[in-house]
Amino acid sequence: MNHRTLCLSALAATLTACATGPTPNGALEQARTRVRSAQGDAQVVSLAPQELKRADDTLRLAEKAWSAGENTATIDHLAYMTGQRVTIAQDTATSLADQAVTAQASMERDRVRLAVRTSEADTAKQQLAESQRINAQKTTDLAVAKTQAERDKEMVERRDARVNNLEGLLADMKAKKTERGIVVTLGDVLFDSGKSQLRAEGMRNMAKLADAFRRDPQRTASIEGYTDSVGTESANLELSGRRADAVMAALVNLGVPSAHLTTQARGEESPIADNSTPAGRQMNRRVEIVFAPVPE
């Protein structure tokens, strides 16, 4: 064998040795795959970065051992440890994600519970405000009603006092309280028979009536003339009207405002005694002064 042949043989042996390299390790390849998968999982990267780094560090130790040609048992152990740490990183990320979901659900429950309580508190506040408003309104209404009742009482007392005062003023004229008001009946002594001109003695009664009007300027009255049944009905009606007018004229002359007086001719109607007797007819020949109820 010459020198050239020896050199070629040595070169071929060297190339053969370089082409063969370390024998692939299945456990190591599996560990690499799992680490790459975990590094591509955003949940693991964000929630378990420390655990993922420890898995990657262990993988690097396994690769270094494989490159150094250490025994298979050592490389398999490191590959196994890498896989376990990847599992720890994944479990940690899953647990933290579940905890986050649970925490979020708890926060949502708390938020809903708070919203319900806030709503209940608002409702109670509104009900309280409404109750206070109603109570205040009732208090106001009660005060108004009390004030009005006091005013009504005072008004009734004033009215009764005025009625009693009028009755007192006209007591000697036998004034009577009736449903129509205070009534004073003037007998026919005011007039001569068949006449409508007031007699002189009748003027004293006119003065008392005028004085009653002066003491109570708001008083109004209706002057109603009546007759007995002697004569025709039309003549008696006409006569009763003239007598009522005569009384009104006398009162106006004494200062009573004419606007406060009215007259009515009643004639023979509403007799108060028997027209078949002289005494009864005398009673029926009369003029009634009807004082209207006191204005409120």
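If the 296 residues here were packed into a compact globule, the radius of gyration would be near 19 Å, but the protein chain has 64 Å. (That radius is taken over C-alpha atoms, and the globule rule is 2.2 Å times the number of residues to the power 0.38.) Along its principal axes, the C-alpha trace spans about 195 × 35 × 35 Å.

Before going on, a quick word on what you're looking at. This is a predicted model, where local features need pLDDT of at least 70 and side-chain atom pairs count only at pLDDT 80 or more, while totals for chains, interfaces and linings use all residues. Residues are numbered from 1 along each chain as its sequence is written, and side-chain values use heavy atoms, with hydrogens and water left out.

Now for the parts list. The protein chain has eight helices and five strands. Starting at the N terminus, they run α-α-α-α-α-β-β-α-β-α-β-α-β. Both kinds of element are DSSP runs numbered from the N terminus: helices are H or I with at least four residues, and strands are E with at least two.

How much of the chain is tucked away? Of its 296 residues, 27% count as buried. Here, buried means under 20% relative accessible area, exposed means over 50%, and partly exposed is in between (1.4 Å probe, protein chains only). The accessible surface of the chain comes to about 18800 Å², and 55% of that belongs to carbon and sulfur atoms. Such areas come from the Shrake-Rupley method with a 1.4 Å probe, and for residues only the protein chains shown count as cover.

Next, look at who meets whom. A contact means heavy atoms within 4.5 Å. Among contacts with a separation of 6 or more, 71% are accounted for by residues 24 or more positions apart.

Let's go inside. In soluble globular proteins, nonpolar side chains tend to be buried together. A nonpolar core, as used here, is a set of buried Ala, Val, Leu, Ile, Met, Phe, Trp, Tyr and Cys residues joined through side-chain atoms within 4.5 Å. The largest one has 29 residues, and Leu 251, Ile 289 and Phe 291 are those with the most contacts inside it. Two or more residues each come from helix H5 (72-169), strand E2 (181-187), helix H6 (202-215), strand E3 (221-226), H7 and strand E5 (286-291). H7 gives the largest share of this core, six residues. Setting aside residues up to four places away in sequence, Leu 251 touches Met 206, Leu 209, Ala 210, Phe 213, Ile 223, Val 256 and Leu 261. Apart from this core lies another, of 17 residues, with Ala 48, Ala 55, Leu 78 and Ala 89 among them.

Which residues does Val 86 touch, not counting those up to four places away in sequence? They are Arg 34, Val 35, Ala 38 and Ala 55. Val 86 is found in helix H5, and it counts as buried because its relative accessibility is 0%. Val 86 and Ala 38 are 48 residues apart along the chain, yet their C-alpha atoms are separated by 6.9 Å. Helix H5 also holds Arg 162, which counts as partly exposed because its relative accessibility is 22%.

Finally, visit some loops. Thr 227 lies in the one between E3 and H7, and it counts as buried because its relative accessibility is 3%. Leaving aside neighbours within four places in sequence, Thr 227 is in contact with Asn 236, Leu 239, Ser 240, Gly 267, Glu 268, Asn 284 and Arg 285. Further along, Pro 257 sits in the loop between helix H7 (233-253) and strand E4 (261-267). With 40% relative accessibility, Pro 257 counts as partly exposed. Its C-alpha atom is separated by 9.9 Å from that of Arg 219, 38 residues apart along the chain.

The last stop is Ser 270, in the loop between E4 and helix H8 (278-284). Most residues other than glycine have a negative phi. Phi of Ser 270, however, is near 55°, a positive value. Ser 270 is partly exposed, with a relative accessible area of 42%.
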